[in-house]
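Please look at the structure below before reading on.

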Amino acid sequence: MRYALISDIHANIQSLDAVLADIDARGDVDAVYHAGDLVGYSASPNEVVARLRERGIAGVAGNYDSTVATDYKHCGCRSETPRQEELAHISYEYTRAVVSAETKRYLAGLPFSLDLRPLGGHLSGPRLVIVHGTPTLNTVYWTEDRDDEFCRKMAAVVGLKRGDLIAFGHTHKPWHRAVDGVHFINTGSVGRPKDGDWRAGYALVDLAHGEPRAEFVRVEYDIAGTLARLRDAALPDEFATFLRAGGKLA
């Protein structure tokens, strides 16, 4: 089985459409799954959710999805400066104001995790578990510099064994490594990358040929259209600057 894994779309319909078109053009992807954070920080939350529903793309709740759905006091995003915290609140209040009741119900219905068995439940493996942050909380940042012991603890939470894979997002930076034969993959971000590359990102995972294999893909998209929607929504200029710089700001 060959899966496309997408995450952290963050209300950017232009980047989502470009990624889905790229996946479709490949012709060899068996299924697409998302790892959450469908809304926030851009101007098209309802359109993003509608597109995923049209395509029947299943996935999990990111912190932004679950907080919007439950009217929590904060989006659960980590801020490094007072201005970032201010921007997070602006984004959150905008998102809560514009999401439709239908979108909110969809977000509330997303599961915390998915457990996939590509070879069917009648065989023992491999497994692919999808979460947003970690198997314990969707707000925890599982960055590439986490040590092997942290990875082992997270794998143990969901009972992963050699040859299995756990995929997640939340940090907006793609990476992949194996610890004790268990594969850990951050899918990166479709709509709000933070690795200095403005292009939409997603991961392809092949679980049909022995050891799991992962490939990271970058796709150009109509960023001008996204920036125009940000302007029309009167969202702060910093959001546009962030997208153009791929999250790498001075």
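A residue is called buried if its relative accessible area is under 20%. The model discussed here is predicted. In strand β2, residues 31–34, Ala-31 and Tyr-33 point one way while Val-32 and His-34 point the other way, and all are buried. In a regular strand the side chains alternate between the two faces of the sheet.

Strand β2 belongs to an open sheet of five strands, arranged in the order β3-β2-β1-β9-β10 with mixed pairing. At the edges are β3 (58–59) and β10 (213–219), each of which pairs on one side only.

## Inside the sheet

How do β1 and β2 pair, and over how many bridges? The pairing of β1 with β2 is parallel and runs over four bridges. Within it, Leu-5 stands opposite Tyr-33 of β2.

Strand β1 (residues 2–6) also pairs with strand β9 (residues 200–206), here in the antiparallel sense and over four bridges. Arg-2 has Asp-206 of β9 as its bridge partner.

## Strands β5 and β6

Strand β5 (residues 128–130) and strand β6 pair in the parallel sense, over three bridges. The bridge partner of Val-129 in β6 is Ile-166.

In β6, Ile-166 and Phe-168 point one way and Leu-165 and Ala-167 the other way. These four residues of β6 are all buried.

## His-172, in a loop

Where does His-172 lie? The residue is in the loop between β6 (165–168) and β7 (175–179). Is His-172 buried or exposed? With a relative accessibility of 3%, His-172 counts as buried, because buried means under 20%.

Leaving aside neighbours within four places in sequence, His-172 is in contact with Asp-8, His-10, Gly-188, Ser-189, Arg-192, Pro-193, Lys-194 and Asp-195. One of these contacts, Gly-188, is 16 residues away from His-172 in sequence, yet their C-alpha atoms are 4.5 Å apart in space.

## Helix α2 and two partners

Two packed helices are described by the angle between their axes and the distance between the axes. For helix α1 (residues 13–26) and α2, the axes come within 9 Å and cross at roughly 25°. Angles under 35 degrees count as roughly parallel, so α1 is roughly parallel to α2. The crossing of α1 past α2 is right-handed. On the α1 side the contact involves Ile-13, Leu-16, Asp-17, Leu-20 and Asp-24, which meet Glu-47, Val-48, Arg-51, Leu-52 and Arg-55 of α2. By class, this contact has five nonpolar, no polar and five charged residues.

Helix α2 (residues 45–55) also packs against helix α5 (residues 101–108), at an angle of about 60° and with the axes 10 Å apart. The two helices α2 and α5 are therefore oblique to each other. Their crossing is left-handed. Asn-46, Val-49, Leu-52 and Arg-53 of α2 make the contact with Glu-102, Thr-103, Tyr-106 and Leu-107 of α5. Sorted by class, the contact of α2 with α5 has four nonpolar, two polar and two charged residues.

## Helix α3

How many residues of helix α3 are buried? Helix α3 (residues 63–70) is mostly covered, with six of its eight residues buried. The buried residues are Asn-63, Tyr-64, Asp-65, Thr-67, Val-68 and Ala-69. What covers them includes α4 (82–98) and α5. Just after α3 comes Asp-71, which takes a positive phi of about 55°.

## Helices α7 and α8

The axes of helix α7 (residues 223–232) and helix α8 (residues 237–244) come within 9 Å and cross at roughly 165°. An angle over 145 degrees counts as roughly antiparallel, and α7 and α8 are therefore roughly antiparallel to each other. The crossing in which α7 passes α8 is right-handed.

In this pair, Ile-223, Thr-226, Leu-227 and Leu-230 of α7 meet Phe-239, Ala-240, Leu-243 and Arg-244 of α8. The contact of α7 with α8 has six nonpolar, one polar and one charged residues.

Key: Residues are numbered from 1 along each chain as its sequence is written. This is a predicted model: local features need pLDDT of at least 70, side-chain atom pairs count only at pLDDT 80 or more; totals for chains, interfaces and linings use all residues. Side-chain values use heavy atoms; hydrogens and water are left out. Axes are lines fitted to C-alpha atoms, for helices over the stretch in contact, and angles run from 0 to 180 degrees between N-to-C directions. Angles under 35 degrees count as roughly parallel, over 145 as roughly antiparallel, 65 to 115 as roughly perpendicular and the rest as oblique. A crossing is left-handed if the near helix is turned anticlockwise from the far one by less than a right angle, and right-handed if clockwise. Contact means heavy atoms within 4.5 Å. Ala, Val, Leu, Ile, Met, Phe, Trp, Tyr, Cys and Pro count as nonpolar, Asp, Glu, Lys and Arg as charged, and the others, Gly among them, as polar. Two strands pair if DSSP finds at least two bridges between them. Buried means under 20% relative accessible area, exposed over 50%, partly exposed in between (1.4 Å probe, protein chains only).
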